[in-house]
Structure formats: C-alpha cells, structure tokens
Protein chains: 2
Amino acid sequence: MTAPDGSTLRITSLTALPPPGGQPVAGPPPEMQYLYGSGEAAALSVQAYRAMYSFLRNELGHLRDKRDARSVVLAPGSTIEDPRFYRCGALPQAVVLDIDETALLNLGFEADAVARGGGYDAARWARWEQTGADKVAAVPGAAETLAALRRDGYTVIFNSNRATSSAAQTVAALDHAGLGPAVLGDTLWLRGDGEASGKDTRRAKIAERYCVVAMAGDQLGDFTDLFNAPATSVRARRNLTSETALAPLWGAGWFMLPNPVYGSGLKGGLDDIFPPETRWTDPQEKK
Amino acid sequence: MTAPDGSTLRITSLTALPPPGGQPVAGPPPEMQYLYGSGEAAALSVQAYRAMYSFLRNELGHLRDKRDARSVVLAPGSTIEDPRFYRCGALPQAVVLDIDETALLNLGFEADAVARGGGYDAARWARWEQTGADKVAAVPGAAETLAALRRDGYTVIFNSNRATSSAAQTVAALDHAGLGPAVLGDTLWLRGDGEASGKDTRRAKIAERYCVVAMAGDQLGDFTDLFNAPATSVRARRNLTSETALAPLWGAGWFMLPNPVYGSGLKGGLDDIFPPETRWTDPQEKK
C-alpha cells in the first residue's frame, strides 16, 4: 500500500472478499507474497536459524559441565515479570520447535486457499494434514540447521498443534522436507483429541525429560502460553515481548520465525495498533 | 485468512479497495497488524538487533588486530556467485543501517494511509518526511543496540533513500526515537535530487572511509543492489538470498528486519509464489 522508498509498487490482488463473479481472484495477498515469495522473508528465516546455531555454539559450546546449561522453558509458577526456568541437571540437551511456518511451509494449503478464496476452514486444514505431506517445503535454513544440531548431539523435538490422529502424515511431511526424523511421544508432540490449543502442558512434559536449550516458533504461544492470557490488549501483548524480563531471550534461547499470514498477532484496529501520540494528518489535506 | 493452529482468527478489514460509501474502511490490513501491532514482529526485531550485537561481540570482540576485521560491503566487480568485499585495513569500524522500518517505524504515515485509503502517494510521503518527525517510534531493540554499539566504539551510519532536502527533519526523527546522533555526509547518507533508488553508490563512499562490519535493513537493496537486477524472477530473487554464496551472511554481518507492509519483495502471482510441485487440491472438493 505504501512504498516509502519510492521505487516499488505492491502488485497484488485481494482474496478475502467473496469472489465477485463466482471465480475467486487468484492473487496472493501481500503477506503471502512476503512470507512465501520474498527474499527478505527467506533471509529473516535463515538469520533466525543461524542465530540459534551461533547461540548454542557460543553460549553452550564451551561449557565444561553440561549441568551448567540453562533451560529456556518457563517452570510452573512463572509470571512474565518473574520468569523461572526448569533446572537441567544431567538431562540430555534438546531444541524444541513448532512445525507450521516454523520448520515447514504449508505451500499447498496456502495456494489452495488463495485460489479458492474465503476464510480459514478447520475441516479443510484437517484434510491438508492428512493428504498434503508432499506439498510442503522446509523453511529456509531449517533443514541444514536441524541436521547440524543433530550432528552436534542435540535432540530435535517438535511441539505442534497438529492433530495426534494425523501423526503419521506429519512425520511424512517432515521427512519430505528433510526435517526428520520425528517419533511421536519422544521427538514429536501433537495435540490430542479435545486438547486445548496451549502448548505449556506438552512443553512441561518435554522439559522433564530434556534440557531444552533453545526453542523456535512463529507465534508467541510457541514459547509460553503466558503471552496469550485473555484480556491482554494488543499494545500490552506487544510490549510483553520487548519491554519485560523476557525480552533478553529473543535471539538468545528463543528464536522467532516470520509469519504475517496467520496467527494470534493479527488483530487490532487503528487505535490498537497506532498509539495516539504518533497520529499524523497530511498537512496538505488540512487546507 | 488461514489459521492452522485452529485457535486464532484474523480480525481485520480491507483498505486497499475503493471505499464503498465514500468513507474508507478504517482497519489496518493484516501485514500492518503484524508489523506495527504484534509481539511476534517485535520479537523478530529485538532478535535481529540482538544477533547483530552478539555477532560483533563474538566474532570481532576478540580480534587482537582490528585490521583482521572483515568488511561486509560488496566491492565493485562482485557478483552474487563471486562476492568480494572491501578491505578494511586500519579504517574505523562502523555499522550501516537503513532508516525506515529498519531503525524507525513510520507510525504516523501508515495510520494516516489506513484511515485515508488508496495507494502509495509519493508527494504525501515527501510531506511526511518534512512534518512527521515526532510521529515515529524506534524499531524494538534498535535504540538500545545502537547506543551499546556506540559505547563499544563503533560508528553508527544511516544510509537511506529519504531525500537530502529533508535531512534536518530526518535527523529530528532519529533523535525523537532515540536513535541519533546523525550528521549528513558523515553518519547520514540520503538520496540526492534525481539520484536513483539504488544504495550501492553511497555504500561505496561509506566503505572507503569506514570498515563496515555489519549492515541492517528491511529490503534486500539495503545490502547490495545486485538483488534487484531487472528481469530477476520472484523465485530466483528469493533463492539468491538463501541458496548462494551470500546466504551465510544473514545473521553474520547482514541483519534483516521484518517488513511485510511495503517494498520490493511484495510481488508475484500464484505461480510465482507457489512452485508447481507443491500445489494441492482439497480432496473433498474433487468429489
């Protein structure tokens, strides 16, 4: 919509409206052009995985005693202002990742959604989990980094809200993208039938077996459910990430991947997003 | 539009269409909700600046001879497949950053654009540069990191396509956001009247005076104009970042900030963005 550098135009069409003449408008919206099509988003992803690898090498690579490693999973009783972490002891070291748009790009599902128009359809997503295993790709940087981490002795564990009932197909999708192996109940944790969407319960189970030295996700809930407490305003939720005791974790144990296409961050009207003290009116329009 | 985790809905309205009844729809589109409103995007930004600081500390902090530092600016004659870098010698070390959506969030301009509707207007942007200096905010993580880098002895230099004619107002905007100081021609390089949008010319001038040990931007052109060669397909441009000799620079000298709102990465139709081998059709629809 706006191009401050003056050199570029957004070439796109809108797909969230009902198709005017029966045929949906078959153009990806800008957030999909960005995430799935741009070199900028690919660079962000490569950078996030590189930051994870460098962090583990620089911060943990030189520890003489692995019991000095620090878990990055919040322990029960934590608050955002008073975070406490699991103790690691002699547990084996692991990295915990979300799957969708963190390690795996759901290209087939998203292209189908654009071509079809309309909003999110949970039943269609369930069919995608069951049948789309060969229509995905790895997030740039993910496959190489996970392979390197496994070579270095870290266990790679996925914690996802995909359904446990499609575990075999999710394993196949991870394998297809070069991200595996993953074994349900050990290195793959999925959402059970009727289970809530929070991930803290599964994170706790993982943290009891492993020293989780790094986590990666595209949603704040991939790090702690505390970010998604009800009645948190848009502005407050944003500030929770950058203005609290948790801020120092980004790039240092917690690694964020880009996803402007869907998720808990996409909400808010003008007054939620733009603070009153920053509002501006074009002086030309005042005349 | 799509919410694989099943737990979230996009709450938004569309603003790029002509207003139906004369009044624009006053809701930020999803890419603005993400960049300016989400904790996820704030985390990405904090992480990028943290990665920059850690890189400089870990890679350069221990150099006994500063002449061993490596420039991250491509030298003349470089190609993407055969990148060569400036020599540093004894030049003072510097970090070079873009301004808009790299160090500074243009909140006032973007909110006005949403409320007004319609596309990008270069004349309005020019008026924004002239009058919006107090309607901006720092990108999360930027102010603290730039201050720390200056304390550590690095020179912080801005290279932007903002107009030289509004240099004073750009300095004021940087100061307002806590990102200054910046001095035109030394630590602030802007686009001259009639000058092209590429940044290589100014980058070369900076690299002759400083050893540029890190760069940050939200567009590929903030790193080298080679990414924006004409006739590069969407897919090829994406692969240039992640599948070439330049890929190892992300997070290790080159630092990308998120921006799905505008820029050179926002282009392409379905077939450009989604490779044919990843196309999927919901099996239910086939029946």
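Predicted model: local features only at pLDDT ≥ 70, side-chain atom pairs only at ≥ 80, totals over all residues.
Superposition of chain B on chain A gives an RMSD of 0.0 Å, through a turn of 180 degrees and a shift of 0.0 Å along the axis. This is the relation of a two-fold axis. Of the interface residues of chain B, 100% are also interface residues in chain A, so the copies meet through the same surface.

Over all chains, the whole structure contains 22 aromatic pairs. One of them is formed by Tyr36(A) and Phe274(B), whose ring centres are 5.6 Å apart; with 45 degrees between the planes, the pair is tilted. This pair crosses between chains. Tyr36(A) belongs to helix H1 (residues 30–37) of chain A, while Phe274(B) lies in the loop of chain B between helix H9 (270–273) and helix H10 (283–286). Tyr36(A) counts as buried because its relative accessibility is 3%, under the cut-off of 20%. Phe274(B) likewise counts as buried, with a relative accessibility of 0%.

Ring pairs also join residues into a cluster made up of Phe109(A), Trp125(A) and Trp128(A) from chain A and Trp280(B) from chain B.

Arginine side chains are also found over aromatic rings. In chain A, Arg70(A) is placed over the face of Phe85(A), at 4.9 Å from the ring centre. In chain B, Arg70(B) is placed over the face of Phe85(B), and here the distance from the ring centre is 5.0 Å.

How values were computed: Residues numbered from 1 in each chain as written. Chains lettered and ligands numbered in written order. Heavy atoms only, no water. Phe/Tyr/Trp six-rings, centres within 6.5 Å; stacked < 30°, edge-to-face > 60°. Helix = DSSP H or I, 4+ residues; strand = E, 2+ residues; numbered from the N terminus. Buried < 20%, exposed > 50% of the residue type's maximum accessible area, 1.4 Å probe, protein only. Lys NZ or Arg CZ within 6 Å of the ring centre and 35° of its normal. Least-squares fit on C-alpha atoms with pLDDT ≥ 70 in both. Contact = heavy atoms within 4.5 Å.
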